[in-house]
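Take a look at the model below. The text after it walks through selected features, one region at a time.

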Amino acid sequence: MVRPPDPLTLARSLPRRFTSPLRSPWLTARLGMWLGIAFGVCFLTGVLSHLVQHPPGWFHWPSRPVQLYRVTQGLHVASGLAAVPLLTAKIWSVYPRLFAWPPVRGIGSALDRAAVGLLSAAAVFEVVTGVLNIAYWYSAMPFGFLGAHYWTAYLLAGAVLLHLAAKLPALRPAAPPDPARRRVLALAGAAAATVTAATVGQTVAPLRRVSLLAPRLPGVGPQGLPVNKTAAAARVARADASYRLLVTGPGGRHALSLADLERLPQASVELPIACVEGWSATGTWSGVRLADLLRLVGAEHTDRPVRVESLQPDGPYRESVLDPGPARDPLTLIALRLGHEPLHLDHGYPCRLIAPNRPGVLQTKWVAAITVAPR
Ligand SMILES: Nc1nc2c(c(=O)[nH]1)N[C@H]1C(S)=C(S)[C@@H](COP(=O)(O)O)O[C@H]1N2
Ligand SMILES: [Mo]
């Protein structure tokens with residue numbers, strides 16, 4: 001009869017069972033460098049995106065260049081996705097150490113192992129929650145995505161810096177890299193490049209034909225533009241003839257019907273929707289300049305924030321606030337049309353906000369009220 005080995009003997013023998021000669025400190029360090037660059041870009045663009053969406057008093061996001069947020073958020077999602085194969089390869093290159101025997105050799109090694117454990121867990125958490133968010137798979141996250149993803153990023157950044165400080169002295173090339181290890185590195189790089197090519201077409205339109213994994217593509221959707229949240233999902237019914245847009249400022253209040261809005265001077269702008277989830281697409285929008293609506297209520301020179309509210313009954317994105325500068329910007333519209341047609345209901349019929357260099361999530365659809373904040 002074959003007896004199973006007792007657990008202790010098994011644990012002691014485990015390290016000898018990992019025999020791949022491809023693993024080496026050189027490979028791990030190289031992968032770490034690439035991963036560090038990807039995470040660095042992802043962290044900076046992510047913190048920026050958070051500041052733009054939840055601006056503290058000292059932060060003012062400009063409305064030019066009009067494509068800036070599209071670029072920074074495209075980079076955030078692209079660098080995060082490229083990190084998936086790099087992180088996988090890096091963890092593969094070191095995971096046998098998880099089974100090192102004895103598990104700790106003293107306080108120093110215990111701290112080191114705890115730090116590396118925290119680092120790995122935070123890195124995997126960030127990448128996994130980011131991908132789940134892109135996939136709208138919120139039921140897989142029994143916690144608030146935003147807070148968890150945001151605060152873990154700082155934990156990860158701190159752990160990366162400590163890890164770098166601890167490992168830098170050991171980074172001098174110990175053994176000259178052999179061709180097989182170079183090939184593993186090239187394979188990880190090729191996997192990262194493939195993931196990028198397979199998804200970046202969600203924002204770089206010419207690449208959309210190869211972007212087989214992109215959840216949304218420019219040009220695909222009602223009126224040639226993707227939809228983030230449909231009217232049905234937001235529980236918004238199609239506005240009827242009783243619809244009025246309420247505009248309130250220091251000079252009073254106006255209740256404008258759709259016909260009233262169409263009689264005001266019309267402007268046309270070419271601006272992207274740049275969703276925080278990484279996709280973006282340009283549309284040709286036309287409608288009324290927000291500046292003209294502000295003039296109607298005596299707020300053409302306002303230095304107060306402007307609140308834009310939706311017909312949507314609830315949800316965190318039913319309203320957004322514009323700084324006074326962007327509110328008066330000639331490119332900021334209350335759009336009535338996309339291309340030559342009235343807005344599709346899912347794009348915000350009867351009217352929506354579209355402003356330059358603004359995260360998609362703040363381009364409020366189904367606008368019902370515009371209010372200049374009182375003093
Ligand atoms: N009222 C309201 N406006 C909204 C949203 C929403 O959920 N409710 N989603 C926003 C998000 S996240 C994006 S990316 C854009 C997408 O606009 P689109 O669906 O017309 O492409 O609308 C924004 N406007
Ligand atoms: Mo979005």
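This is a predicted model: local features need pLDDT of at least 70, side-chain atom pairs count only at pLDDT 80 or more; totals for chains, interfaces and linings use all residues.

Residues are numbered from 1 along each chain as its sequence is written, chains are lettered from A and ligands numbered from 1 in the order in which they are written, and side-chain values use heavy atoms, with hydrogens and water left out.

Start with the helices. Helices here are DSSP runs of H or I with at least four residues, strands are runs of E with at least two, and both are numbered from the N terminus. Two packed helices are described by the angle between their axes and the distance between the axes. Each axis is a line fitted to C-alpha atoms, for helices over the stretch in contact, and angles run from 0 to 180 degrees between N-to-C directions.

Find helix 3 (residues 68-94) and helix 4 (residues 107-134). Their axes come within 10 Å and cross at roughly 135°. The two helices are therefore oblique to each other. That label covers what remains after roughly parallel (under 35 degrees), roughly antiparallel (over 145) and roughly perpendicular (65 to 115). The crossing of helix 3 and helix 4 is left-handed, meaning that the near helix is turned anticlockwise from the far one by less than a right angle; clockwise would be right-handed. Contact means heavy atoms within 4.5 Å. On helix 3 the contact residues include V77, G80 and L81; on helix 4 they include A123, V124 and V127.

Helix 4 also packs on helix 5, at an angle of about 140° and with the axes 8 Å apart. This crossing is left-handed. Among the residues that meet are D112, V116 and L118 in helix 4, and F145, A148 and H149 in helix 5.

Now the aromatic rings. Rings of Phe, Tyr and Trp (its six-membered ring) pair if their centres lie within 6.5 Å; planes under 30 degrees apart count as stacked, over 60 as edge-to-face and the rest as tilted. By this rule there are eight aromatic pairs. In one of them, Y136 and Y138 have ring centres 6.5 Å apart and planes at 45°, so the pair is tilted. W151 and Y154 have centres 5.7 Å apart and planes at 40°, so this pair is tilted. Both lie in helix 5 (residues 145-167), three residues apart, about one turn of the helix. Ring pairs link W151 and Y154 with F43 and Y150 into a cluster.

How accessible is W151? At 57% relative accessibility, it counts as exposed. The scale is buried under 20% relative accessible area, exposed over 50%, and partly exposed in between (1.4 Å probe, protein chains only). Y154 is partly exposed at 34%.

Two arginines sit over rings. The rule asks for NZ of Lys or CZ of Arg within 6 Å of the ring centre and within 35 degrees of the ring normal. R23 lies over the face of W92, 4.5 Å from the ring centre. R238 has its charged end over the ring of Y349, 4.1 Å from the centre.

Finish with the backbone. A cis peptide bond joins R64 and P65, with omega about -10°. P65 lies in the loop between helix 2 (25-53) and helix 3. The bond from W101 to P102 is cis, with omega near -5°. P102 lies in the loop between helix 3 and helix 4. R235 has a positive phi of about 60°, although it is not a glycine. W366 has a positive phi near 55°. R235 is exposed at 53%, whereas W366 is buried at 2%.
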